[in-house]
Amino acid sequence: CFQPHFSCAALVHISPRRSLTAFTPLCVDIDYIKPHRPMSNSEDEEGAFGAPPILATKVGLDRFPEDESNAKADQLEQVVIEELAKLSLDEQEKAAFQLVGFDETKHGGEDPAVLDQKRREMEQELDKIKKKSAFNEALRANPDYVNKKKLDFLQYNEYNAKAAAQSLVYYFEKKCKVFGSEVASRDILFDDLNPDAKEFVERGFWQVSPYKDRAGRSVVFFGAGIKEYKTVESVVQAMHYINGAMARDVEYKQNGFVLVCYTFGKPEDFAIYRAIHSSERCMEGVIKGLHICQVTPAMRLFLAGAQLFTSHHVNMRTRVHSGDYQEITFSLQSHGIKTDDQPWQEDDTWSTTWHKMWLDMHIEHERKKLSSDIVITPSRNDVLFGSDKMSMENPGTLRCKHLVDIHWEQYDQASKNEKTPIADKVVVTIQKEGGRFLRREGYGWVEVSNLDARKKVAHYYRAKREKLKKATTSAVKRKKGTPQQQQLQIHQEPAPSSDKVRFEDFMPAFKQHHPSYYGSISGEIEP
């Protein structure tokens, strides 16, 4: 149900500190690498339980290549390039724009009439699936929760009713198997995890960035090769919890996410990747880009081999970033990804500073059963109250200040009663674009009233007035100069209008300010 799976990130465990000879060729179990949903609504495509749409089956490859030569890497890369070249220009263009952060995907399901039709189609597809005991049990226990998930999975599957039904059934089956029937009918909480899984989550296996990318999509940092777990079950539970926490964000459901995979450390056991592949099929969200970082030229063969076991959708949206810390960071930024709080640090350490704050907010939200109106991760369109860097640099905050600049002259010349409608106009403009005015609370962000939003806009106008006043005062001081400069200007007399200048004409001022150089200097100076 995860569209599409990012098996490239899961299978590729690349370390810049290890040569290719350090890797043991891994035999790929095709049964564990299955598509998470169809790519489109075409009738001939297989559903979530069909054969894997990967290049390995076409070239007869059932295991990672063992040949370490560059010639073999060239051959595998050429297979991927030729296969992707067969895709239409529209598909390639769409993938390229999504990857760099210009994603304007619209779905017909957003129309209320079409959405109702898709819901009916999904119900028909659900009726066709016979084995769905966990789904039926969750439906009996919490029908509101299940009906909400139906709409979510329609969004994840681009309103493909058949794929959405298959994904939803598998979601509840896997959730019931991992956590039990009680948890299957509600959101997963941190307290539902076993002790090892809790510790694994705290280690930062997955981290959600505090910033959205250029297209308003969530950014997820993934540390491949972090072996901070005891059992495979712990990893699976941790993945489900982090994914469920991200899915509480409305923008995450609508816009999908971008995965940034840092490949370092020692390779994992293949059992962990089999478990990850199996769990990915019931993950929530749509991946719009995959960035694999810290790959050295020696890893070309391994990466090319992994691409043979991933779908076209992932391959078209995959970028490999190599180089040092600065080069990789700049490359990610060029794709619209803000890297201020990325976990990978310049000293090659893995930071969890922001991740712990994010996790604490979610745990607080869960244990106190706070309102669903609490916002954990603000969107790009939100105006954030506060003077910290995150609040001041959020695109929504900058957009609000820009609107203040646009209406400044009108506001400055208006009377006290006329200023209120102008401030209201700015608030309405932000809200029409999907933005909210948020104030930080101890466990997240809360939306303020329209009155408080208008007061915030009025505060921006007062701040702009003070800024202009200070700028004007500074300009006047610069024009007048310092007292010493003013004294010099008093003694600067205009030069004679003759074509020759006598030094004696400047003697009084020169003698006053440079007495040590004064002497019997005279004569004519050619102009």
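Start with the open sheet of 3 strands, ordered β6-β7-β8 with mixed pairing. Strands here are DSSP runs of E, at least two residues long, and helices are runs of H or I, at least four, both numbered from the N terminus. Two strands pair if DSSP finds at least two bridges between them. This is a predicted model, where local features need pLDDT of at least 70, side-chain atom pairs count only at pLDDT 80 or more, and totals for chains, interfaces and linings use all residues. Residues are numbered from 1 along each chain as its sequence is written, and side-chain values use heavy atoms, without hydrogens or water.

Click Val383: its bridge partner in β7 is Phe437.

Next, select helices α5 (112-128) and α7 (143-156). They pack at about 105°, with axes 11 Å apart. Axes are lines fitted to C-alpha atoms over the stretch in contact, and angles run from 0 to 180 degrees between N-to-C directions. So α5 is roughly perpendicular to α7 (65 to 115 degrees). Show the contact (heavy atoms within 4.5 Å): it includes Met122 of α5 and Leu151 of α7.

Now show the largest nonpolar core, with 64 residues; Met122 and Val201 are among those with the most contacts inside it. Such a core is a set of buried Ala, Val, Leu, Ile, Met, Phe, Trp, Tyr and Cys residues joined through side-chain atoms within 4.5 Å. Buried means under 20% relative accessible area (1.4 Å probe, protein chains only). Helix α8, residues 161-179, gives the most to this core: 10 residues.

Note on methods. Angles under 35 degrees count as roughly parallel, over 145 as roughly antiparallel, 65 to 115 as roughly perpendicular and the rest as oblique. Buried means under 20% relative accessible area, exposed over 50%, partly exposed in between (1.4 Å probe, protein chains only).
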